[in-house]
Amino acid sequence: MKRMHLFVVAAQLVSLLIFLLCAGFAAEPGQDGQDLEQAANDPTASLMSVQIQNVYAGDYHNLKDEDGNTILLRSAVPLKTGPLNHIARATLPVVTESPSRKDGLSDLVLFDLIVFNESWGRWGIGPVMLFPTATNDALGADKWAAGPAAGFVARSRRLLWGVFNQNLFSYAGNGDREDVNVSIIQPIVNFSLPNHWSIGTSEMNITYDWEKDDWTALPMG
């Protein structure tokens, strides 16, 4: 039953992602000469995509003999409003294993980034929102949150580097749960290799919790 439930949820989400792609298909801007392998690692790139990424955590700090696994479903859709280029990106985690022994959907994160092309690369700014879509209290914040997102990416023929920052602050939700006040920092370093291979950081998000006044996620990978 558990596997069937996750399969149904995943099928619904894939349908939603395909719908978002179709909705934005006619509005896709140009790539500004950026190589496809670079654009795939650039959160500011005007690249329509659907990604399924598996994230396995073999160990947790201060939790003995615990591991976890999450599947990230992500859709990015470029669109335009007048002269402005946007990147709308939705990320929905599906937790398949966790220290809480719970599995299911976590919270949906959606951002709308307005991007500006420059001779050295690209920068962008816009809102980011968190929706309480978790199917279990242990898998989400049970809060509505929003805040600013901003970042830049500089690039040469082989090197892509920059930083992307998202800030989420809760404004509604379950009053018995902790407030969401976090900054999520994504360092971007990617080096292109021959034959369309690349090496670098990939979605290694560093999280600072302003409520706890401490770093709560410092991934290595």
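**View 1. Asp 209 is buried, with a relative accessible area of 9%.** Buried means under 20% relative accessible area, exposed over 50%, and partly exposed in between (1.4 Å probe, protein chains only). This is a predicted model: local features need pLDDT of at least 70, side-chain atom pairs count only at pLDDT 80 or more, and totals for chains, interfaces and linings use all residues. Residues are numbered from 1 along each chain as its sequence is written, and side-chain values use heavy atoms, with hydrogens and water left out. Asp 209 pairs with Lys 212 in a salt bridge, with the closest N and O atoms 3.5 Å apart. A salt bridge here is a side-chain nitrogen of Lys or Arg within 4 Å of a carboxyl oxygen of Asp or Glu. Lys 212 is partly exposed at 48%. Shared partners join Glu 178, Asp 209 and Lys 212 into one salt-bridge network.

**View 2. Glu 66 and Arg 101 form a salt bridge (2.9 Å, N to O).** Glu 66 sits in the loop between β1 (49-57) and β2 (68-81), and Arg 101 in the loop between β3 (84-97) and β4 (104-105), so the pair ties together parts 35 residues apart in sequence. Strands (E, at least two residues) are DSSP runs, numbered from the N terminus. Glu 66 is buried at 16% relative accessibility. Arg 101 is exposed at 59%.

**View 3. Asp 179 meets Lys 143 in a salt bridge (3.3 Å, N to O).** Asp 179 lies in the loop between β8 (159-173) and β9 (181-192), while Lys 143 belongs to strand β7 (residues 143-155), 36 residues apart. Lys 143 is buried at 5% relative accessibility. Asp 179 is partly exposed at 40%. The whole structure holds four salt bridges.

Note on methods: Helix = DSSP H or I, 4+ residues; strand = E, 2+ residues; numbered from the N terminus.
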